[in-house]
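Subject: Handing over a structure

Hi there,

Here is the structure I promised to pass on to you. Have a look at it, and then read on for what turned up.

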Amino acid sequence: MRANSKYLGELLLEKGLITEEQLVKGLEAQKEKEGRLGEILCQQKALGEEACLQALSEQLQVPFEAHLEQLELDLELIQNVPINFAKQYELLPVSREGNRVRVATSDPLNLYPLQDLGRLLSAEVEPVLAASRSIIAAINRVYDRASSTAEGVMGDLEEGVSGLDALTQGLEEPEDLLDVSDEAPIIRLVNSLLFQAVKERASDIHIEPFEKDLMVRFRIDGVLYEVIRPPKRFQNSIASRIKIMGGLNIAEKRLPQDGRIQIKIAGKDIDIRLSTVPIAHGERIVMRLLDRESVMLDLEQIGFSPDNLEVFNELIRYTHGIILVTGPTGSGKTTTLYGALQKINSPDKNIITIEDPVEYQLHGIGQIQVNPKINLTFSNGLRSIVRQDPDVILVGEIRDKETAEIAIQASLTGHLVFSTLHTNDAAGSVTRLVEMGVEPFLISSSLLAILAQRLVRVLCPACRQPEAPAPGFLKDLGLEEKAKGAAFYRPGGCPKCLNTGFMGRTAIYELLVVGDEIRELINRNADSTEIKRKARSQGMLSLREDAARKAMAGVTSISEIVRVTQEDIL
């Protein structure tokens, strides 16, 4: 490596990436901590990692690779490097030319691991700078063992299962399933199912016993796909292994059971909610995979239109009132609510939640788990929360009149309350609360807004194909003029999206803000159709209209809109 004669601080100043004040502060911290200046500036939020690496690249005369994920990596090279070594030192061989191997690293000054890697590969190492997160992501992506798919493990089942001891291997400490070495075939099958599910972005794994076989399906982007059919004779062994992982009673096969599994796969912490139910031919098992990264998203990332986002950001900063999020199970309500809490979470706010279950731990927020066995219900928990001097309260779901009335009283006495309901649209939430027995005047005086939402699948950008929409569809939505010149697409199918034509999901929203005219309608107990008509006249977009705008932007397809939004157009 030939180093530039200039110090890193000088280069950063010249490029205008930091100010003199930030440099002085960083140098002072460096004297105290004796760390590297670049790392200290990143810790102080004065500099981003990539900007620091680009300057370091210039100083050390080492090339910088910003898009490591797009490179074709030499898998033969990688097979010679243990994954633990690669992760510990954040090193990844990229390519070989003769006796020289290009190696991605976030720290080219840490020479000893680079020298060890050179000896391991019997080659001269040439460092390439890359961001730490890019290297870890690439390591997790390429260390996909050939036997990691469920089908690859199926053949090993014929070797047999060696009792309960074999099924309980490796449960002492949650370790990364990519690091696990050879074990009993049943364990490898279950591990590979979990790994494959995470790799293919599945939200649920369904294991369903039938008369003569067993079927395993993944729910990907809201749709179920069959994966494998293991032999019927391994049904009990597979069920036992999963129940052991979830801390359930393996001898109890007559009653439903619920459990929780915590594992690490490819560097990701995955929480799994486990449910077993006895059916005619054995136990049906469903595992809900909860990836913390996928839920902890900013409001800007989850599908809000600019107009709705601006209004919602204002609403969540009110000091009192109720904001309801409504939609069916699995429509992303938790993600939206967690995003809102993250946005307003600060040391000067006391935020407390009561949930069933607590899906993710939110830093700086008190979270209570509902437990009916000890009579800790939503209503009882909410009574206690109000005595904890909260500023913001999240009630996981309003299920009955008692919970609704306590939430309303909390909002009227100076608390901002978030909660959810299961209704088809925003206006239907008012009707649901009235049906529960809540007085209309209480609803109108406390309700700030209702946000209805659904999830639509996002078209795979690699294989989407142009499509011409039916003229009547756009005309019914009043978008015929706005859609002129817009490009519409339909799903194709390629290896990237597992031939589904879709890659991930985004939310569509219907935001009903409760103003004076809506309050008047609620007070006189108007039905949901009248409330919705009034909100539409004030500019509210329906779920289908919001989805249509996403189709006009090439995000989703018309067939997906029709599948997800089947409400009548007023």
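Which residues of the largest nonpolar core touch the most other members? They are Leu-324, Ile-398, Leu-433, Leu-447, Leu-512 and Ile-531, in a core of 53 residues. A nonpolar core here is a set of buried Ala, Val, Leu, Ile, Met, Phe, Trp, Tyr and Cys residues joined through side-chain atoms within 4.5 Å. Buried means under 20% relative accessible area, exposed over 50%, and partly exposed in between (1.4 Å probe, protein chains only).

Before you go further, please note that this is a predicted model: local features need pLDDT of at least 70, side-chain atom pairs count only at pLDDT 80 or more, and totals for chains, interfaces and linings use all residues. Residues are numbered from 1 along each chain as its sequence is written, and side-chain values use heavy atoms, with hydrogens and water left out.

Leaving aside residues up to four places away in sequence, Ile-398 touches Leu-324, Thr-403, Ala-404, Ala-407, Ser-419, Thr-420, Leu-421, Leu-433 and Met-436 (contact means heavy atoms within 4.5 Å). There is also a second, separate core of 32 residues, with Ile-205, Phe-234, Ile-261 and Leu-289 among them.

Now for the charged pairs. Searching the whole structure gives 27 salt bridges, each a side-chain nitrogen of Lys or Arg within 4 Å of a carboxyl oxygen of Asp or Glu. Three of them follow, with helices (H or I, at least four residues) and strands (E, at least two) taken as DSSP runs numbered from the N terminus.

One joins Glu-126 to Arg-100, with the closest N and O atoms 2.8 Å apart. This pair links distant parts of the chain, 26 residues apart: Glu-126 lies in strand E3 (residues 124–129) and Arg-100 in strand E2 (residues 100–105). Glu-126 counts as partly exposed because its relative accessibility is 27%, and Arg-100, at 38%, is partly exposed too.

Another pairs Arg-260 with Asp-271, the closest N and O atoms being 4.0 Å apart. Here strand E7 (residues 257–265) holds Arg-260 and strand E8 (residues 268–279) holds Asp-271, eleven residues apart. Arg-260 is partly exposed at 35%, whereas Asp-271 is buried at 5%.

Finally, salt bridges with shared partners join Arg-100, Glu-124 and Glu-126 into one network.

Happy exploring!
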